[in-house]
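Biologist: Walk me through this model feature by feature. Start with the backbone, please.

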Amino acid sequence: MKLSATRCALGAVLLFGASFQVPARAADLGNLPRTQVSAEVLARLEAHPDLVYAKYGEREMQLDLYRPKNAHGALPAIVCIHGGGWQKGERRNHAQIAQALADRGFVTVTISYRLSGEAQFPAQIHDCKAAVRWLRANAEKYGVDADAIGATGLSAGGHLVALLATSGGVDELKGDGGNADHSSAIQAAVAMGAQSDLLTERIALRSSAGTGEIYRKFLGGSQADSTELYRLASPRHHLDKADPPLAFVTGALDDPSTHAETIRAETESFDIDSGLLVIADAPHPFLGKQPFFDQAVDFIDAFFEKHLK
């Protein structure tokens, strides 16, 4: 497996095909600038907001699409999936990363999906897969390379990204969001701040405690109550040799479980390209601070350049 490394700002190092962990230390996040996408970047993009990508009866699911104005021909696409514990958040939370990546030469979409207060799992992954199929069905209209679609997202969105990558052949997770004649498989993924295995002892304890409401709401009970559903929702437990490249990004101050050590070791056994970026001094919600955001975008761009272009 090819190994490459790039040194980033603030001391983080990214590795494809390996991992590098930096010592975590408390940072004064208040002194760091909040993330902004410049007016110059926005001026280089065309935006197509509020596009309906799936319908469930009267319920419409929407996405916002970005594309470089001066790009010609079909471009690889990236689905951006927001976080919020599967129970809150909205697609505009990932507008900045979608815009930044579009400026690097991709068609990007940031999607809404049904939250756990509206529908339990697997509704969320059904929506993500419906968005991928919609991109393929509309590839000619929006200049998308239908054979080169990736995904990225943070936290709960990162979990859905990893699941999207590993569950391409799982019929139970495809859903009925339309465009059934198109594939919902993706060709690369970068999951940020993500849980990749919901059957761990850590999640067993969290899901049964008072603080584990997000898991119970998402999966209909604790891990002990709904073990098979937790297995179905676990990216690691669908991994096989047919899966696409899958890398991870996390903050050094986040829980070590977001390093995805087990699933990354298993990708190596299947000869699937992976990697890990641990951003020095960064917390779980690192995209809100410009230095952390910039490092994540550089890593994601490099990974997708390697695997989608």
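Biologist: In which strand does Asp 50 lie?

Modeller: Asp 50 lies in strand S3, residues 45-56. Strands (E, at least two residues) and helices (H or I, at least four) are DSSP runs, numbered from the N terminus. The model is predicted: local features need pLDDT of at least 70 and side-chain atom pairs 80 or more, while totals for chains, interfaces and linings use all residues. Residues are numbered from 1 along each chain as its sequence is written, and side-chain values use heavy atoms, without hydrogens or water.

Biologist: What is the phi of Asp 50?

Modeller: Most residues other than glycine have a negative phi, and most peptide bonds are trans. Asp 50 has a positive phi, near 60°. Asn 179 is not a glycine, yet its phi is positive too, at about 55°. Asn 179 sits in the loop between H5 and strand S8 (188-192). As for peptide bonds, the one from Phe 121 to Pro 122 is cis, with omega near 15°. Pro 122 belongs to the loop between S6 and H3.

Biologist: Is Asp 50 buried, exposed or partly exposed?

Modeller: Buried is under 20% relative accessible area, exposed over 50%, and partly exposed in between (1.4 Å probe, protein chains only). Asp 50 has 45%, so it is partly exposed. Asn 179, with 27%, is also partly exposed. Ser 116 is buried at 6%.

Biologist: Where is Ser 116, and what is it in contact with?

Modeller: Ser 116 is in the loop between strand S6 (107-111) and H3. Contact means heavy atoms within 4.5 Å. Leaving aside neighbours within four places in sequence, Ser 116 touches Trp 86, Gln 87, Gln 124, Lys 217 and Phe 218.

Biologist: How many residues of helix H5 are buried?

Modeller: In H5 (residues 156-166), 11 of the 11 residues are buried, so the rest of the structure largely encloses this helix. Among them are His 159 and Thr 166.

Biologist: At what angle do H3 and H5 pack?

Modeller: Axes are lines fitted to C-alpha atoms, for helices over the stretch in contact; angles run from 0 to 180 degrees between N-to-C directions. H3 (residues 123-137) and H5 pack at about 65°, with their axes 10 Å apart. Gln 124, Ile 125, Cys 128, Lys 129 and Val 132 of H3 meet Leu 160, Leu 163 and Leu 164 of H5. Elsewhere, the axes of H2 (residues 95-102) and H10 come within 10 Å and cross at roughly 50°. Gln 96, Ile 97, Ala 100 and Leu 101 of H2 make that contact with Phe 293, Val 297, Ile 300 and Asp 301 of H10.

Biologist: How many aromatic pairs are there?

Modeller: Rings of Phe, Tyr and Trp (its six-membered ring) pair if their centres lie within 6.5 Å; planes under 30 degrees apart are stacked, over 60 edge-to-face, the rest tilted. The count is 7 aromatic pairs. Trp 134 and Tyr 142 are tilted, because their planes are at 35°, with ring centres 5.6 Å apart. Trp 134 is buried at 7%, and Tyr 142 is buried at 9%. Phe 299 and Phe 303 are stacked, with 6.4 Å between centres and 10° between planes. Both are buried.

Biologist: How many residues apart are Phe 299 and Phe 303 in helix H10?

Modeller: An α-helix has 3.6 residues a turn, so residues three or four places apart point the same way. Phe 299 and Phe 303 are 4 residues apart in H10 (residues 290-308), about one turn. Another group, Trp 86, Phe 121, Tyr 215 and Phe 218, forms one aromatic cluster.
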